[in-house]
Amino acid sequence: MNYFRVRPAVAQDCPVILCLIKEVAACENMLDAVKLTVMDLHRDGFGKNPLFYCLIAEAYNQQESSSTITVGFAMYYFTYDPWIGKLLHLEDFYVIQAYRGLGIGAEMLKRLSQIAIRSQCNCMHFLVVIWNQDSIDYYTRRGALDLSSEEGWHLFKFNREELIEMAGEE
């Protein structure tokens, strides 16, 4: 018997997705950085033109097989690279600590890989925080390349304030 399932998220999952996002942020000591709301997730992921997609991992309750608990998620979107074409960008990937080592993460990666291939993507990109050596080891064991060391790329961002400033420049 399977003890978990992976399924596409639906709009009703937004509250639990936000809880998991906050749990990831707390693990990275960045909880205060989460400004997102349930309404933001609903608007941006489940409207006519979604900006992201999400998989939900659920474990079945041992006592009551008809009930489940959400134990992980994978948030992704499609983007385009001018050198290689379409790619799947895995924005967030998380399994609750108590449910790690059960194959849930591997199943979500399998499903993401299937989605990428079906969608004609040439690769999957994702970021891993530099101090998370367990995750780095997990992904490299599965064949992922660390572009920061392989190709020397750095990730940059402009915050909203800088965008507003640049947008007003003449």
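This is a predicted model: local features need pLDDT of at least 70, side-chain atom pairs count only at pLDDT 80 or more; totals for chains, interfaces and linings use all residues.
Residues are numbered from 1 along each chain as its sequence is written, and side-chain values use heavy atoms, with hydrogens and water left out.

**The whole protein**

You'll find six helices and five strands here; these are DSSP runs, with helices being H or I of at least four residues and strands E of at least two, numbered from the N terminus. Along the sequence, they come in the order β-α-α-β-β-β-α-β-α-α-α. Of the 170 residues, 31% are buried (buried is under 20% relative accessible area, exposed is over 50%, partly exposed is in between, using a 1.4 Å probe and protein chains only).

**Two helices crossing**

Now look at helix H1 (residues 14–27) and helix H2 (residues 38–45), which pack at about 115° with their axes 9 Å apart. Here the axes are lines fitted to C-alpha atoms over the stretch in contact, and angles run from 0 to 180 degrees between N-to-C directions. H1 and H2 are therefore roughly perpendicular (that label covers 65 to 115 degrees; under 35 is roughly parallel, over 145 roughly antiparallel, and the rest oblique). Which residues of H1 and H2 make the contact? On H1 they are Cys14, Pro15, Ile17, Leu18 and Ile21, and on H2 they are Val38, Leu41 and His42, where contact means heavy atoms within 4.5 Å.

**Salt bridges**

Across the whole structure, a search turns up five salt bridges, each a side-chain nitrogen of Lys or Arg within 4 Å of a carboxyl oxygen of Asp or Glu. Here are some of them:

| Pair | N to O distance |
|---|---|
| Asp13 and Arg7 | 2.8 Å |
| Glu58 and Arg7 | 3.0 Å |
| Asp44 and Arg43 | 2.7 Å |

Is Arg7 buried or exposed? Arg7 is buried, with a relative accessible area of 17%, and Asp13 is buried too, at 7%. Glu58 is also buried. Glu58 sits in strand E2 (residues 53–60) and Arg7 in strand E1 (residues 4–8), so their bridge ties together parts 51 residues apart in sequence. Arg43, by contrast, counts as exposed at 54% relative accessibility. Through shared partners, salt bridges link Arg5, Arg7, Asp13 and Glu58 into one network.
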